[in-house]
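Work through the two exercises below with the sequence and the 3D view side by side, trying each task before reading its solution.

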Amino acid sequence: MFQTNLVPCDLGQIAASGQCFRMQPAEDGWWRVCARDACVYIQQKDDALLFDCTADAWQTRWRSYFDWGTDYQAILDAVPADDAFLHAAAAYGSGLRILQQDLWETLITFVISQNNNIPRIRAAVEAICRGWGAAHTDSRGQTYYAFPEKEALAQASVEELRAAGLGYRDRYVHAIAHSDFDAQAVAKMDRAAAYEALLALPGVGKKVADCVQLFGLHDLAAFPVDTWIRRMCETHYGGAFPVERYAGFAGVIQQYIFFYGRTGNGKI
């Protein structure tokens, strides 16, 4: 076990924020988090996080995953006093953090997320992990499946992906798995080049590319616009959110707005 404090942080808010799809509640207030080929149980009590892993595993894997190095309190403090809506959104989602997720996993899960809802996305992601991911045993003796590597996912037919619950997105995932996309190479590109590489993939439009920039490349300047964000911006900002005001961390602001709009009432 390894215990540490993290402020601000709310595991429940992060799990419900739509940025990851393999973070699930477990028994007795624990959360089970699977990321690429690793899995950990975490329990939160106020500001304390208890990780069911070694200090070395926390340092090498989970510290960066939960973005320990970013000062989220400073971002909360940067919300202008004269923006009542954003103040309400930031207060409502003050425990959110942008996870540093694997690029390949993020790409495929957000392709699956298009025109989809979170329960179905989670089910489809688990199905492809069970179908083409390597089996492992977690700290409690339970089997979990790694997110499938590109080569493993390429073994799946379009029909098998459809049966896994991907719907029409099956052909996109199949095409990407058979493409020359190289996640390690894209991760080393500058922002503009990485964005163009993402847009060149089947089934990846601007919204998905922006989500992958934010959640898979940890580009906190990315500002994905979906139905929820568009609705909030039209209601509170005349259709044009002042992204430039939040240079370098607009993606965190986007998460406050998205989470407030989807799970709160989005009003003041």
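Helices here are DSSP runs of H or I with at least four residues, strands are runs of E with at least two, and both are numbered from the N terminus. The model is a predicted one.

**Exercise 1.** Determine which strands β4 pairs with, and in which sense.

*Solution.* 
Step 1. Begin with β3 (residues 30-35), which pairs with β4 in the antiparallel sense over six bridges, tryptophan 30 standing opposite glutamine 43 of β4.
Step 2. Examine the connection: β3 and β4 form a hairpin with two residues between them, and arginine 36, in the turn, has a positive phi of about 55°.
Step 3. Turn to β5 (residues 48-51), which is also joined to β4 in the antiparallel sense, over four bridges, with lysine 45 opposite alanine 48; in this hairpin, where two residues again lie between the strands, aspartate 46 takes a positive phi near 60°.

**Exercise 2.** Explain why the buried residues of α8 line one face of the helix.

*Solution.* 
Step 1. List the buried residues of α8 (residues 158-166), which are Leu161, Ala164 and Leu166.
Step 2. Look down the axis of α8: its buried residues fall within an arc of 90°, and therefore they line one face.
Step 3. Check the face turned away from that buried side, where the exposed residues Glu159 and Ala163 are found.
Step 4. Identify the cover over the buried residues, which includes α5 (103-112), α6 (118-132), α7 (150-153) and α9 (170-177).

Notes. Residues are numbered from 1 along each chain as its sequence is written. This is a predicted model: local features need pLDDT of at least 70, side-chain atom pairs count only at pLDDT 80 or more; totals for chains, interfaces and linings use all residues. Side-chain values use heavy atoms; hydrogens and water are left out. Two strands pair if DSSP finds at least two bridges between them. Buried means under 20% relative accessible area, exposed over 50%, partly exposed in between (1.4 Å probe, protein chains only). The arc is that of the directions from the helix axis to the C-beta atoms. Contact means heavy atoms within 4.5 Å.
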